[in-house]
Structure formats: C-alpha cells, structure tokens
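These are my notebook entries on a structure that I had not examined before.

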Amino acid sequence: MAGNTLGEVFRITTWGESHGPAVGVVIDGAVSGIAVTAEDIQKELDRRKPGQSNVTTPRKESDTVEILSGIFEGRTTGAPISLMIRNADQNSSSYDNLRDTPRPGHADFGYAEKYGIRDHRGGGRSSGRETAGRVAAGAVAKKILSEFGIDIVCHTTRIGGVCADPEILNNLPFEAVKENIEKNSVRCADLAAAVLMEAEAAAARDKGDSVGGVVEGMIRGVPAGLGEPVFDKLDADLAKAIMSVGAVKGFEIGGGFEAAACFGSEFNDAFEIRDGKIKTVTNNAGGILGGISTGEMIRFRAAIKPTPSVSAPQKTVNTAEKTETEIVITGRHDPVIAPRFVPVGEAMAAIVILDHLMRNEALRLLKNKQK
Ligand SMILES: Cc1cc2nc3c(=O)[nH]c(=O)nc-3n(C[C@H](O)[C@H](O)[C@H](O)COP(=O)(O)O)c2cc1C
C-alpha cells in the first residue's frame with residue numbers, strides 16, 4: 001500500500017488501522033525548538049474524537065496521545081516526531097457480517113479488488129479513525145504556524161438542507177467563528193442555523209439514515225508568495241490534502257463553482273493600496289492566484305457526503321458466493337461527518353501551509369542574501 005505520506009519538507013506518514021492496537025503518525029522535517037506539549041496535541045484530538053455528542057458515533061475512545069519521540073521537555077528536538085493513539089473501544093463482532101459483503105458507499109469493494117485481502121472490521125485504513133494521526137500532526141503544524149502568525153479555522157456551513165446565513169458568516173470576525181463553533185455540536189458559526197442543523201442530523205440518525213454537509217476553511221495570516229506555480233500550486237496541494245480525507249466529494253477555492261456563472265469583470269479582485277499595503281478589494285480568488293498565495297485570507301470549501309454506514313437494509317453482494325444479498329449495518333457510526341471533519345480539515349490545511357512555508361524558506365534566504 002503506497003501513498004501514506006504527505007508533504008515535501010514537513011512530511012507526515014500516518015499508520016494503523018481502525019481495529020488494530022493503535023493508530024498514529026510520524027512527522028519528518030519539524031523544526032527544532034518549538035514548544036509543543038502533549039496537551040497541545042490532545043486539545044485537537046479531543047475535538048476530533050468520537051462520542052462527543054448525539055450527532056457523532058457513540059464509539060467511546062479517549063484518544064490519548066502518546067509522544068514516542070521527537071519532543072523533549074516540551075520542545076521539538078528536530079528528530080522525527082512519532083505520535084501514537086491507542087484504539088480502545090473496538091467492537092469488532094458487529095462487523096462479522098461484512099467479511100464478504102462490501103458496504104455500499106464505503107471503501108470495501110475497492111480494497112478487496114486491489115489487495116485481495118481486507119480487514120473487514122471497520123474499514124482498516126479507510127476508517128475515519130485514520131484521521132486521528134492527521135489531527136495529531138496538524139496540532140504540531142498549527143503550533144509551528146502560530147509562531148508565524150498563521151491561524152486556521154474550519155466551520156460547518158451546511159448540513160443536508162440547512163445552510164448557515166452567508167451574511168451572518170461574512171460579518172463574523174475570524175475569532176468569533178473560532179469561538180462560535182465550539183458552542184454547538186455541528187460546529188456551525190451561525191448559532192441560529194446550528195440549532196436547525198442539529199435537528200437535521202438528529203432526524204437522519206433517528207431514521208437510521210445519515211446526511212451530508214459542507215465545511216468552509218479559512219487560513220489567516222499566510223504571507224504572499226507561498227506555493228509553486230506548476231504542479232505544486234498551493235490550491236492544488238490543498239485540494240489533494242482535503243480530498244484525501246474519506247467522504248470528501250468536492251473542493252472549492254474562493255468563488256469556486258460559482259465562478260462559472262460570473263463575468264470576468266465581476267469575478268476579478270481589483271487591487272488597491274490599503275493602509276500602505278497592496279490588498280484586493282474583494283477575495284473571489286480565495287487568497288491564491290496562479291497557485292501562489294496573495295496575502296489575502298485563504299478560503300476553501302469541502303463537500304462531505306452522508307456517512308455510508310446507515311442502518312437501513314441496503315442491497316449488496318456476497319463476493320465469495322457471487323450472489324446478491326442485503327446488508328444491515330449494526331456498528332456505531334456518525335450520522336453526519338461534517339462536524340467531525342472540522343478539526344481534520346484544519347489539520348490538513350496546517351500541514352500543507354507549513355510544508356509550503358518551509359519550502360519557501362530556501363528562496364527567502366537566497367533573496368535576502370542577494371539584497
Ligand atoms: C472523521 C470521519 C469519520 C467517519 N466516520 C464514518 C462512520 O462512522 N461510518 C462510515 O461508514 N464512514 C465514516 N467515514 C467515512 C468513510 O471513512 C469514507 O466514506 C470511506 O472511507 C470511503 O471513502 P470515500 O467516501 O472518500 O469514497 C468517516 C470519515 C471521516 C473523515
């Protein structure tokens with residue numbers, strides 16, 4: 001199995017399966033001397049962990065991080081940072097009926113076809129549990145980015161048919177978004193819409209169903225000049241990182257798909273001088289032009305599909321017997337993934353931005369030398 005690593009300079013490799021002893025991450029390329037404690041990492045893992053509310057899976061995991069290497073007396077040493085999160089509350093027997101029956105909408109069929117062997121207990125590497133390693137690495141990346149004044153927040157803007165009010169969101173300062181999302185279980189910054197979203201998720205759960213959502217990401221404080229202009233465009237790398245999370249089905253940057261309905265004269269962001277700095281009047285570009293950050297707020301959106309595991313009976317096949325059959329999924333599942341994606345999206349964005357910041361450092365040093 002290839003492709004468990006992301007990044008060029010700040011590189012993360014996640015490992016572990018949903019129903020094995022543990023999941024975790026190895027971070028290569030972290031700079032030394034940065035203050036990172038287990039509490040910093042735990043805070044982010046606690047935002048991701050299951051069993052937090054009635055719109056997340058009731059699987060109970062403490063998700064306690066164990067720092068195996070790379071952090072000494074609360075500071076990064078520059079050595080690889082290895083972080084482990086033990087799995088505690090696996091209930092593997094509820095997956096027995098999945099041995100030869102792929103779940104519709106899940107990764108089972110592709111896995112079996114590709115590898116010929118599949119850990120049927122909870123999806124193995126395709127489980128949402130794999131994201132614990134990403135979030136742990138993201139906590140380290142966020143800590144390093146904070147030294148550069150870069151901050152990231154993701155927030156739910158839609159669950160099923162309920163959308164946050166764009167006007168309310170537009171008028172909310174970044175800090176208020178961060179505060180508001182911790183006040184409700186769906187992590188929506190529009191508090192009135194959050195109540196309706198919670199009801200939408202609960203209604204899906206009560207019917208034995210699930211529901212999709214949209215999460216927006218905002219990255220503040222990224223200087224102009226991050227990103228490479230061809231294959232490693234900053235928006236392309238963000239798209240890859242976000243789309244690499246299970247259940248993400250769409251990615252937009254700035255105006256996104258709405259751009260298709262606009263005229264150039266309205267979509268282009270005019271430049272102006274504000275407080276002595278070059279800024280843009282609007283930000284339809286979402287903070288990235290030509291693959292390179294402009295210094296404006298980076299804004300992206302991810303469409304998250306409804307959780308594939310629903311308890312209503314579904315049509316599938318028995319791959320061993322080559323017969324059609326029905327499946328009833330009994331494990332514990334999230335009725336909506338979007339709120340749990342929030343800390344994962346922040347982590348993925350942090351990892352990409354930090355990687356590009358570190359890649360840019362060589363260029364910056366060279367430019368300073370030439371001055
Ligand atoms: C944080 C998180 C939690 C998830 N929880 C569940 C779950 O409880 N049940 C489920 O069937 N899928 C869950 N998923 C989604 C599956 O992992 C995903 O749909 C599956 O791997 C197939 O990948 P794809 O949807 O990208 O094609 C979760 C995903 C994430 C990111």
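**Entry 1: strand 8 and its partners**

How many bridges join strand 8 to strand 9, and do they run parallel or antiparallel? I looked this up in the model, which is a predicted one. I found 2 bridges between strand 8 and strand 9, and the two run antiparallel. Ile-159 stands opposite Val-162 in strand 9. The two strands form a hairpin with 2 residues between them, and there I noted that Gly-160 takes a positive phi near 55 degrees.

I then turned to strand 10. It pairs with strand 8 in the antiparallel sense, over 8 bridges. Here Ile-159 stands opposite Gly-213.

In strand 8, 8 of the 9 residues are buried, so the strand is largely enclosed by the rest of the structure.

**Entry 2**

For strand 11, I found pairing with strand 16 (residues 298–304) over 5 bridges, in the antiparallel sense. Glu-252 has Arg-301 as its bridge partner in strand 16.

I moved to strand 3 (residues 22–28), which is mostly covered, with 5 of its 7 residues buried. Strand 2 (residues 11–16) is joined to strand 3 by 6 bridges, and they run antiparallel. These two strands form a hairpin with 5 residues between them. Trp-15 has Gly-24 as its bridge partner in strand 3. Strand 3 is also joined to strand 7 (residues 81–86) by 6 bridges, again antiparallel. In strand 7, Ile-81 is the bridge partner of Ile-27.

**Entry 2: the ligand**

Which residues come nearest to the ligand? Of the 20 residues around it, I listed Ser-126, Gly-128, Gly-246, Ser-309 and His-333 as the nearest. By class, the shell holds 10 polar, 7 nonpolar and 3 charged residues. Helix 9 (residues 338–370) gives the most to this shell, with 3 residues.

I selected Val-195, which is found in helix 6 (residues 191–206). Is it buried or partly exposed? I found 14 other C-beta atoms within 10 Å, and Val-195 is therefore partly exposed. Its C-alpha atom is separated by 37 Å from that of Thr-101, which lies 94 residues away along the chain.

**Entry 3: the overall form**

The protein has 9 helices and 18 strands. Of its 371 residues, 44% count as buried. Among contacts with a separation of 6 or more, 72% are between residues 24 or more positions apart. The C-alpha atoms fill a box of roughly 70 × 50 × 35 Å along the principal axes. A compact globule with 371 residues would have a radius of gyration near 21 Å, and the 21 Å of the protein agrees with this.

Key. Residues numbered from 1 in each chain as written. Predicted model: local features only at pLDDT ≥ 70, side-chain atom pairs only at ≥ 80, totals over all residues. Near = placed C-beta within 6 Å. Helix = DSSP H or I, 4+ residues; strand = E, 2+ residues; numbered from the N terminus. Nonpolar A, V, L, I, M, F, W, Y, C, P; charged D, E, K, R; others polar. Buried ≥ 20, exposed ≤ 12 C-beta atoms within 10 Å, placed from the backbone. Pairing = 2+ DSSP bridges. Rg over C-alpha atoms; globule rule 2.2 N^0.38 Å. Contact = placed C-beta atoms within 7 Å.
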